[in-house]
Amino acid sequence: MLLFFWGIFIFCIPAYGYQRENPVVRAVQKVGPAVVNISSEYEVRSGPFSGFGMDPFFESFFRDFFDHGFERRYKKNSLGSGVIIDGTRGFILTNSHVIERRGTITVVLKDEREFEAQIVGADPDSDLAVLRISSSTRLPAVEMGNSDDIMIGETVIAIGNPFGFSHTVTTGVISAVNRSIRTEDREYHEFIQTDASINPGNSGGPLLNINGDLIGINTAIYAKAQGIGFAIPISKAKRIVSDLIRHGEVIQPWVGLTVQDMDARLAQYLKLPGNKGVLVKSVDQGSPAEKAGVRDSDIILSVGSINLGSGEDYHGAIKSFAAGDRIKMKLWRSGKDISVSINAAVFPVERAESLAYSLLGIKVENLSQAKHFRHGTTAAEGVMISEILRQSYLAGIGARPGDVIRQLDDMTIKNMDDFEKAIVKYRNKASVVILLQRGSQGYYITVKF
C-alpha cells in the first residue's frame, strides 16, 4: 500500500503481514510425515588382536587358540533416514549402506510410531535398499517425481536425520547432474549434485523439488564433500526398486559385449577424436548387441547420456538400465559416428556353464558320495571342479579337479544352481573372492576376470 502525505511517500505494511507459508513450507508439510528415522543395532566383537589392522581371517584363526575371556562384545548403532514410497504395503526406500551391518532394524515415524523392519532387498552397486514395515493403517507416502527433467539452479529440499537430529530440513539448488563419484571400493554414476546440506544421518532421506515430489535419494557416501551434497536420481532408483521388490536383488541387463579400455596409441591409429570411448573386444553370438548390429572392434563413445572414458564407465552406465529397456549407444566405426538401439535382456542361464569356463577356466559339477570318497573332501555342500584350463589363473595357483567351491563373493554355493546364479550375478565384476576347499582345509582366493 502506498500513501502520499505532505509531499512524502509513505509505505504501509498491511496489518495482516506477509504470507509466510511459502512453497518450501508446503512441500515439507506434505512429505514430512513420510520421512522416517532408521536405526540398526548390531553386535561388535573386540578381542586381543582387534585394532591392529589384522585380516579378519587371521583374527578368527588366532581366536581359536586364545582364551575367549579376552573377547569383548558390545552393541553399536548405525543411523540413517528413509522415505515411505508405498503406504499400503509399507515399503521404505533408503541407502544400502545404512543397513549394510545386518541387525535389528528399527523405523521411527514423525508421529513417533516405531516399527521393526525387514529387508526386502539391497543393491550395494547403486547404494539403494528397500525395507518393509507392517501397519494396521495406511502409512503416509511420498509422491514419486521425475528426475529426467530437473533444471540446474532449481530449488530443492532435503529432509533427514543428520547426527540424530530428527526431521531436519535443508534447502539449496541443483548444482549439477550426471556426476560420477569414486569411493574406496566403487564408482557411482549419474548422481545429482546439490548445495543442500547432506550429512551423516541424512543418508537415505528424500531430495524434493519445490512441489514436494521425490526426485532423489540423498547419500552421504562422499565424506570429503563440504557444502556439496549428492543424491541418486529417482528415475534411476525406480528401475532398481522394482527389481528389489520383485526379486530381492537387481537383475543386471544383458547386452552381450566384452569391452576393453582404449589407449592413446590405439586411439591415434583409429583416428578417434578426443581419445575417448571403449573398444568392443567381442560380441556374444545371438546377443542383443549382435542383433542391434554392434561389431567387434567398434568403439563405444556413449551409453545413454553417459560419455565413456573406460570400461568401468561402460559397466556403470549399463547397470543404470534394466532388462527390457532400450539402450542407446553411440559408436565410432571406420571414421563415422553410428547410433544403435539395443534391447537389453535377462542373461540366459543356460549360458552360465560356458561363461564360467570363459571367466574362470573351470567346469564344475554337483557333489556326490562317490566324489567325496574319491577326492577325500569333507565338504557337505558346494560344487566340485571337474575340469580346469591349464592356462587359467586358478590352475596357476594350484587349484585342481576335486577342489570344492563353497562361496563366490557373498553368495554361499550349495549346488550347481547356486553356482550358475553367482556367475551370472558377478559376471561384470573386475574380480571375485572364492572360498575353495580341499580336504578339510578352506582357502580364500581373489580371482580377476
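**Reading burial, salt bridges and a pocket**

Modeller: Start with Lys 371, which is buried at a relative accessible area of 15%. The cut-offs are these: buried is under 20% relative accessible area, exposed is over 50%, and partly exposed lies in between (1.4 Å probe, protein chains only). This is a predicted model, where local features need pLDDT of at least 70 and side-chain atom pairs count only at pLDDT 80 or more, while totals for chains, interfaces and linings use all residues. Residues are numbered from 1 along each chain as its sequence is written, and side-chain values use heavy atoms, with hydrogens and water left out.

Colleague: Which side chain meets Lys 371 in a salt bridge?

Modeller: First the general idea. A salt bridge puts a side-chain nitrogen of Lys or Arg within 4 Å of a carboxyl oxygen of Asp or Glu. Here Lys 371 pairs with Glu 365, at 3.9 Å from N to O. Glu 365 is partly exposed, at 29%.

Colleague: How many salt bridges does a search of the whole structure find?

Modeller: The search gives 13. Take Asp 111 and Arg 113, whose side chains meet at 2.9 Å, N to O. Asp 111 is partly exposed at 47%. Arg 113 is partly exposed too, at 28%. Now take Asp 337 and Lys 330, at 3.7 Å, N to O. Asp 337 has 47% relative accessibility and is partly exposed. Lys 330 has 36%, again partly exposed.

Colleague: Which residues are linked in a network of salt bridges?

Modeller: Lys 30, Glu 143 and Asp 213 form such a network.

Colleague: How do I read a pocket?

Modeller: Rolling a probe the size of a water molecule over the atoms shows where empty space is left. On a 1 Å grid over the protein atoms alone, a pocket is an open set of points where a 1.4 Å probe fits, with protein on both sides within 12 Å along at least five of seven lines; lining residues have an atom within 4 Å of a point. Points join across faces, edges and corners, and the volume is the space filled by probe spheres set on them. The second largest pocket here holds about 360 Å³. It has 19 lining residues, and those closest to its centre are Asp 148, Asn 178, Glu 190, Ser 235 and Ser 305.

Colleague: Which element gives the most to that lining?

Modeller: Helix 3, with three residues. Helices (H or I, at least four residues) and strands (E, at least two) are DSSP runs, numbered from the N terminus. Strand 10 (168-182), strand 11 (187-194) and helix 3 (234-247) each give two or more residues.
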